[in-house]
Protein chains: 2
Amino acid sequence: MTKRTNDNGTERITMTDIAKMAGVSVATVSRVINDSPGVSDENRKRISKLIEELGYQPNFTARNLVRQSTRTIAVINMQTLGQLHAQPASGRMLQGIESVLTSNGYRCTILSRDEFAQDMSELRLIKGGSVDGILLNGAKLNDPLALELTQRNFPFVIIGRAIGLVNSHYVDIDNVFGAYSAVESLVRLGHRRIAHVCGSQQTNLGVERLEGYRRALLEAGLAYNESLVIDAGLTRKEVYTSVRRFFENIAQEERPTAVFTFNDFFAIPVIRALLDLGLQVPRDVSVIGFDDDEASQYLNPPLASVRAPISEMGMKAAEMLLKLIQGKQIDSRQVILQTRVIERDSLGSPSPPA
Amino acid sequence: MTKRTNDNGTERITMTDIAKMAGVSVATVSRVINDSPGVSDENRKRISKLIEELGYQPNFTARNLVRQSTRTIAVINMQTLGQLHAQPASGRMLQGIESVLTSNGYRCTILSRDEFAQDMSELRLIKGGSVDGILLNGAKLNDPLALELTQRNFPFVIIGRAIGLVNSHYVDIDNVFGAYSAVESLVRLGHRRIAHVCGSQQTNLGVERLEGYRRALLEAGLAYNESLVIDAGLTRKEVYTSVRRFFENIAQEERPTAVFTFNDFFAIPVIRALLDLGLQVPRDVSVIGFDDDEASQYLNPPLASVRAPISEMGMKAAEMLLKLIQGKQIDSRQVILQTRVIERDSLGSPSPPA
DNA sequence: ACGTTCTGCGTAAACGTTTACGTTTCTGGC
DNA sequence: GCCAGAAACGTAAACGTTTACGCAGAACGT
């Protein structure tokens, strides 16, 4: 076989080349590259210079092979019907993750997984040794992949909580409290009939925010009424249609005066549906979302929301995973970040009955 | 050194193990794994079964090393001040890219690069042989990284156009025409004073959309007036402030009756600024954006926009890159996808002067 | 002068695959 | 019965690193 070359004909520079040119062995070159001791200052300087001049870069693959580590982690997103990447929250998160990883010399590869697929093809990654750790962005209830990873003792951190998994590492925001406080601020404004456009009940996020909604109602002495929970689906289109139908079909005196939506992503079509029915926001119906997307403050009306430190969540998760991989001390297996309600013009007091 | 083990104590299964258990050589095992000819049906069946039972997965790194290919491509995003991932467009694109890559057995790793950084640290990736190709999501004028990649004859595809690079592979939407048609539809509605909130003039996107704006004006016999081009910055906050200041300081009779914004991302704060000044959309000012984010149709008012097949752009780029890597025939080095104006309620005719 | 310790360096094995090449066995044609 | 060719398989090199180990010579103590 002929020697491997680049397409442009120049041969790829290898450690052996450097060694020959420097008149030393590859071991010595390797030592200077890795800042290992055992090489004279003179040699170290000369070899460094050579490397610099030739623009030599050690081959990652070869290094990974012998090190038995790829310095790569996988970010596995829940692929809820192709909608996930469209959600700004995931963008913010990815950004946080990436910044931490690259500044620690790690890289990330992203994949999505189908919420309904059963094959767990993601396992190939870890069996094939191509990633050192996994960030699970979102988990199902009793998530089988998370379960499998735990059994294999493979380093992973869940973003969001994993109901049904004990002692798993995760970072999350306090969804229950966040939802609770959103609803509570509606109550404080005088609202008594509050609807909730909930998220997928197959995900912890959806379950927890619904739970916060429920608790706030109970604590306020209001009945938790399932008919006020709108399980709309995953897309904006579905949300629009469901909410519109809901408000069309409800008697005026039973109509909710406020809606708490699963997230800001959903709040936009909710408001649209209300407006299209001739209902004013917030005069007739107040709306509050969750996540506090950067755009929410500029919407019309500016959307009240629960601020969630999404990007920080990604960063914390990445940091925790790196510690896990490097076998460092971890202060706490669980990190819960706090949220806070941001009141904006989409909020108002219910108008007195005519 | 002791034999490498997993953390849970079980040794990682290797091809040698399979070979021993099957009573054959590693070569034979390798052949069945890769569906190569030269192994009896009997052996093939037996070995396959063994692999299945043990859940054996070939080590990616070792395979990559000998194959001199990682089946990984890098998606390099322009990190315009940390805003990029917040832009829905990038999310949609990533999704398109990822789906094509994974269905072809490739993986992707994402990184962002600082628009202003000079070091080109991304080159380490290709020198270190850790990616087979690169998708450049966005390029600067005379982009040095793109230039370098071209010189090295390294497979890459630009998403968006690369001004200053001849014969580079890229997929893009027709930004000039898209912008042109947006402005043209404003003209058709009777608008004569049309402002443009432009994108970064350091990027091709920004330049091209401005150019489309300019051409439409000229073609309509309207003067291109630089004072109507608002170079607002990169963040929504900056856009809000600039646009607000612009409309505050302009004489009523010179006030634009319509605004074409660089993208939908910018249109949201633009509308907010107008509303905050007591201007109605579209009664006083019409607004049209670009990209047609999935949310735009639900905004208040529903935002007219130029529909851009963002996800398809990602897919086409990924497909082209794969062909490039695999040395296949490429029909066309450049792919231009078409756009079309989506008219919505943010558009209206200018009100006659009072 | 002679051990001992340290420093600097090279040798070679190892990481887990793929694959060119050689060898054996089988098949079939004459 | 012989030989050609094919089929099935094994051997070993190669991919480009890291690192345990060994060895020479210097430095240092007595």
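**Close-up 1. E219(A), an exposed residue of helix α9 in a predicted model.** E219(A) has a relative accessibility of 60% and counts as exposed (exposed is over 50% relative accessible area, buried under 20%, partly exposed in between; 1.4 Å probe, protein chains only). E219(A) sits in α9 of chain A, residues 204–219 (helices are DSSP runs of H or I of at least four residues, strands are E runs of at least two, both numbered from the N terminus). E184(A) is 35 residues away from E219(A) in sequence, and their C-alpha atoms are 9.0 Å apart. This is a predicted model: local features need pLDDT of at least 70, side-chain atom pairs count only at pLDDT 80 or more, and totals for chains, interfaces and linings use all residues. Residues are numbered from 1 along each chain as its sequence is written, chains are lettered from A and ligands numbered from 1 in the order in which they are written, and side-chain values use heavy atoms, without hydrogens and water.

**Close-up 2. Protein surface near DNA strand C.** By class, 11 are nonpolar, 11 polar and four charged (Ala, Val, Leu, Ile, Met, Phe, Trp, Tyr, Cys and Pro are nonpolar; Asp, Glu, Lys and Arg are charged; the others, Gly among them, are polar). α4(B) gives the most, with four residues.

**Close-up 3. Atom pairs between protein and DNA strand C.** A polar side-chain atom of N43(A) lies 2.4 Å from a phosphate oxygen. For a polar side-chain atom of S30(B), the distance to a phosphate oxygen is 2.5 Å. A polar backbone atom of A62(B) is 3.4 Å from a base nitrogen.

**Close-up 4. Aromatic pairs.** The structure holds 14 aromatic pairs over all chains (ring centres of Phe, Tyr or Trp, its six-membered ring, within 6.5 Å; planes under 30 degrees apart are stacked, over 60 edge-to-face, the rest tilted). F260(A) and F290(A) form a tilted pair, 6.5 Å centre to centre with 50° between the planes. Both residues are buried. F262(B) and F266(B) are also tilted, because their centres are 5.9 Å apart and their planes at 55°. F262(B) is buried at 8% relative accessible area, and F266(B) is buried at 4%.

Technical notes
Polar contact = N/O pair within 3.5 Å; in protein donor to acceptor, adjacent residues only side chain to side chain.
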